[in-house]
Amino acid sequence: MLYGLAAATSAVVVTALLAALIRALMLKFGRKGGDVTPHLGGIAVSLTTLGVACAGPVLHVAELGEGVAPLLAASGAVALIGLVGDLRPLGVRVRLVVEAAAATAVVTLAGLSPGAGALAVLWIVLVTHAFQLLDSSDGAMGAVAAVTALGLAVCAIAEGHPGHGLLLSVLAAALTGFLLHNWYPARIHLGDCGSLFTGFLLASSAVAVHTREPGEQTCAELFALTLVVVTDTLLVLVSRLRAGRPILRPGGDHIAHRLRKLGLTTQGSAVVLGAAALAATLVGLQIHEGRIDPVAALPLGLVVPVAVVLLLRVPVNGPASRRRTPHARTPNESAGAPVDLAGGLG
């Protein structure tokens, strides 16, 4: 208990300091022009999470627990491929291959059957990119991911996986420390390194904790825990398909942007998304504890299509302009477009 509190506190402080250092270095050595908000903040989140989680065994004060070390290695690989994408153009196929391979390693070690394992790999990859998509407005993804990580940490501890619970608590703390710099107006962004790392670690941890065969309870619980990112992803897909726009090109058509069109501030939209994630996470925890029957949670599934239909009525700006790097955002998506160390703004 005491080590968990010390680890979480350390993660908040170290992430905040490391993010400030990375921002200073990028502003000094990166090419400047227009908005110069750096986008490599994910380095701080991933390094801190991995470092603090590994500090316990190194200092002989805590054990990682079964299955945590491979999960850290797989998450680190995803963070690395995300970092490469932040620094230079990287095809989607390359990222998908790395993510699928990392997810397969996690699922295999979890001991799932081939059928359940295949579904788990697909789910991990989808949720990973759903969190990446949500990282489109200052503070939004960090708030949602931190709440989700805490919810999953509770589930992990209840399932007898204290190592996973500690890891998820450290991730939540690291995201909290990063939010000190990413809250509007953001001084640094996560980038692909941080968003892919966070999404992959959350999704993979959920699978590792729920090693039983997929059933009503597991599916309902995981759906509740990822309700916000699932809704945002579906909204973006439907919006871009209807408009005949490329699905993977950045644009100002996410939930956070539509909430701002309705009159909320950037901070307000992040708070609303965080509160929605908290409410959905609490429902997921109730399902996990058996206090809510999975069938009784079906109305929660109606939230997604209803929210998508209503939010599609909110007008948004057109497609983003074409840029050199696939991760670049428009001014509508965040407080500012990121700086590309490899080639500057497109």
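Student: How many residues of α7 are buried?
Tutor: Of the 21 residues of α7, 17 are buried, so the helix is largely enclosed by the rest of the structure. Buried means under 20% relative accessible area, with a 1.4 Å probe and protein chains only. Helices are DSSP runs of H or I with at least four residues, numbered from the N terminus.

Student: What should I keep in mind about the numbers?
Tutor: This is a predicted model, in which local features need pLDDT of at least 70 and side-chain atom pairs count only at pLDDT 80 or more, while totals for chains, interfaces and linings use all residues. Residues are numbered from 1 along each chain as its sequence is written, and side-chain values use heavy atoms, leaving out hydrogens and water.

Student: What distance does α7 reach from its first C-alpha to its last?
Tutor: Helix α7, residues 162-182, reaches 29 Å, close to the 30 Å expected at 1.5 Å a residue. The expected span is 1.5 Å times one less than the number of residues.

Student: Which helix gives the most to the lining of the second largest pocket?
Tutor: That is α7, with six residues. The pocket is lined by 30 residues, and H161, P162, G163, H164 and G165 lie nearest its centre. Its volume is about 610 Å³. On a 1 Å grid over the protein atoms alone, a pocket is an open set of points with protein on both sides within 12 Å along at least five of seven lines, a cavity is a set where a 1.4 Å probe fits but cannot get out, and lining residues have an atom within 4 Å of a point.

Student: And the cavities: how many are there of 30 Å³ or more?
Tutor: There are five cavities of 30 Å³ or more. The largest has a volume of about 50 Å³, and its lining includes W123, F131 and T148. Helix α8 supplies the largest share of that lining, three residues.

Student: Changing topic, which residues does a cis peptide bond join?
Tutor: It joins Y184 and P185, with omega about -10°. P185 is in the loop between α7 and α8. Most peptide bonds are trans.

Student: Last one: is S239 buried or exposed?
Tutor: S239 counts as buried, at 10% relative accessibility. S239 lies in helix α10, residues 227-243. Leaving aside residues up to four places away in sequence, S239 touches D253, R258 and L312, where contact means heavy atoms within 4.5 Å.

Methods: Helices (H or I, at least four residues) and strands (E, at least two) are DSSP runs, numbered from the N terminus. Buried means under 20% relative accessible area, exposed over 50%, partly exposed in between (1.4 Å probe, protein chains only). Grid points are joined across faces, edges and corners, and a volume is the space filled by probe spheres set on the points.
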